[in-house]
Amino acid sequence: MVHSPTCPHPRFLLVPASEPQFPHLQTPDPGDPVWNVRWALCTRRSSGAAAPGSGATIFALSSGQGRCGIAVIRTSGPSSGHALQILTAARDLPPARHASLRLLSDPRSGEPLDRALVLWFPGPRSFTGEDCVEFHVHGGPAVVSGVLQALGSVPGLRPAEAGEFTRRAFANGKLNLTEVEGLADLIHAETEAQRRQALRQLDGELGHLCRGWAETLTKALAHVEAYIDFGEDDNLEEGVLEQADIEVRALEVALGAHLRDARRGQRLRSGAHVVVTGPPNAGKSSLVNLLSRKPVSIVSPEPGTTRDVLETPVDLAGFPVLLSDTAGLREGVGPVEQEGVRRARERLEQADLILAMLDASDLASPSSCNFLATVVASVGAQSPSDSSQRLLLVLNKSDLLSPEGPGPRPDLPPHLLLSCLTGEGLDGLLEALRKELAAVCGDPSTGSPLLTRARHQHHLQGCLDALSHYKPSKDLALAAEALRVARGHLTRLTGGGGTEEILDIIFRDFCVGK
């Protein structure tokens, strides 16, 4: 099965491919000195990054670096078909979107480079909307280097900039800006939840939602402006302004609901912050090693072993997490450990989810009672709707307990029993973590699309702020302007009217070849 970048999705716009930039160089002769001079001028002219649609044809290695079984090199632009004919010494192009076995040769020396599968994707039915070629070559460095050098010797071709293939797809209407961001997130996804969310965004769910909101504002704006122009002539139906007002107020409610997601989508993209805390010798470092499946922290029976905050990225139940091991919370210790305790308390304030650990066999100790009264009780007393922090109380060392469980503690909050030594109770902890992280990061498999970037939140907040000035009962002209500003924010969110600086920031996250 051959992967195809063809995107025949009904939402995509079909953009015709442009004509070759250098028609006089369609049949080059490397031995001709005039051809060499022309090629030098062409390469000098195309050494900088050209804007999409400028006529330049780009090429790059699109698969990963290093030795591999198969490497994929692709081109995009009007000279793609010409490059394919030159490297395969063929008069005719292969059938579109069918893999063909061809011998690739260096156009300058005629030396064979590799026997490869080639695929020809004429525009606009390609990933970028332009003529594209894929060379599936053997993944040795010498083969890849030889093919790239051969493509560089073809007139009209230049190496691609980072993210330039995707930028051309955006410029040609194949992807909107939220879908581009979803593609970037999909490439960088490290957990199952990140993959699901990125795929939803790449499929256009957030873009469709914003376009629907923009259409609502467009309709309301048309009604308001029609009323300004024709309202006095009684040529409009009754209730036009009232209907527009109802739709705008409903949109305000929808925008507010998305903005109240406590940045869940951004946490899902970058990782939730989970802090393990508790008194000394509760088993915090053992739990961090158990969850991360590697020896992150030193484990010792000596109290106060951990003096600083140790962090490690972890995939917990499919969610991205930055897991922090902290110093045991206690008073009356040396200055170094006190600094560790200070940093631990500081990190607690930044946590999205707190894993509070106690020794199940030592719940009556002063350190355990003080921890329950200060940390557990203070976080538990906060309303979930008012606090972004969540807490799980874990009683470790359950293997030291009698069969009846921990001693009677009527004031003990809901908790989980765990033995880091035997692993008993780990499955229950992971399931509880999955539920808590789904609340912190959002469940990408259900509900409305999440806002994964600060840019999304900025434009939705700007839209909502503009709608707060929509008061048709006072001044229709100002109300229409408020609708225009609000609609502009939604348009920029999906890529319309975006400045080049914003686009540069987004596309620089892509690797060369994508």
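Is Thr452 buried or exposed?

## A residue in a loop

In this predicted model, Thr452 is buried, because its relative accessible area is 3%, and buried here means under 20%. Thr452 belongs to the loop between helix α13, residues 426–441, and helix α14, residues 454–467.

If the neighbours within four places in sequence are left aside, the residues in contact with Thr452 are Asp185, Gln197, Gln201, Gly265, Gln266 and Arg269. With one of these, Gln201, there is also a polar contact from side chain to side chain, at 3.2 Å.

## An open sheet of six strands

Elsewhere in the model, six strands make up an open sheet with mixed pairing, and their order is β8-β9-β7-β10-β11-β12. Strands β8 (310–316) and β12 (416–417) are at the edges, where each has a single partner strand, so one side of each is left without a neighbour in the sheet.

Within this sheet, strand β7, which covers residues 272–277, pairs with strand β10, residues 353–359, in the parallel sense and over four bridges. Thr277 has Ala356 in β10 as its bridge partner.

## A helix across the sheet

## Aromatic rings

The structure holds zero aromatic pairs. The ring of Phe165, however, has the charged end of Arg74 sitting over it, 4.5 Å from the ring's centre.

Technical notes:
Residues are numbered from 1 along each chain as its sequence is written. This is a predicted model: local features need pLDDT of at least 70, side-chain atom pairs count only at pLDDT 80 or more; totals for chains, interfaces and linings use all residues. Side-chain values use heavy atoms; hydrogens and water are left out. Two strands pair if DSSP finds at least two bridges between them. Helices (H or I, at least four residues) and strands (E, at least two) are DSSP runs, numbered from the N terminus. Buried means under 20% relative accessible area, exposed over 50%, partly exposed in between (1.4 Å probe, protein chains only). A polar contact is a pair of N or O atoms within 3.5 Å; within protein, one must be able to donate a hydrogen and the other to accept it, and residues adjacent in sequence count only if both atoms are side-chain atoms. Contact means heavy atoms within 4.5 Å. Rings of Phe, Tyr and Trp (its six-membered ring) pair if their centres lie within 6.5 Å; planes under 30 degrees apart count as stacked, over 60 as edge-to-face and the rest as tilted. A charge sits over a ring if NZ of Lys or CZ of Arg is within 6 Å of the ring centre and within 35 degrees of the ring normal.
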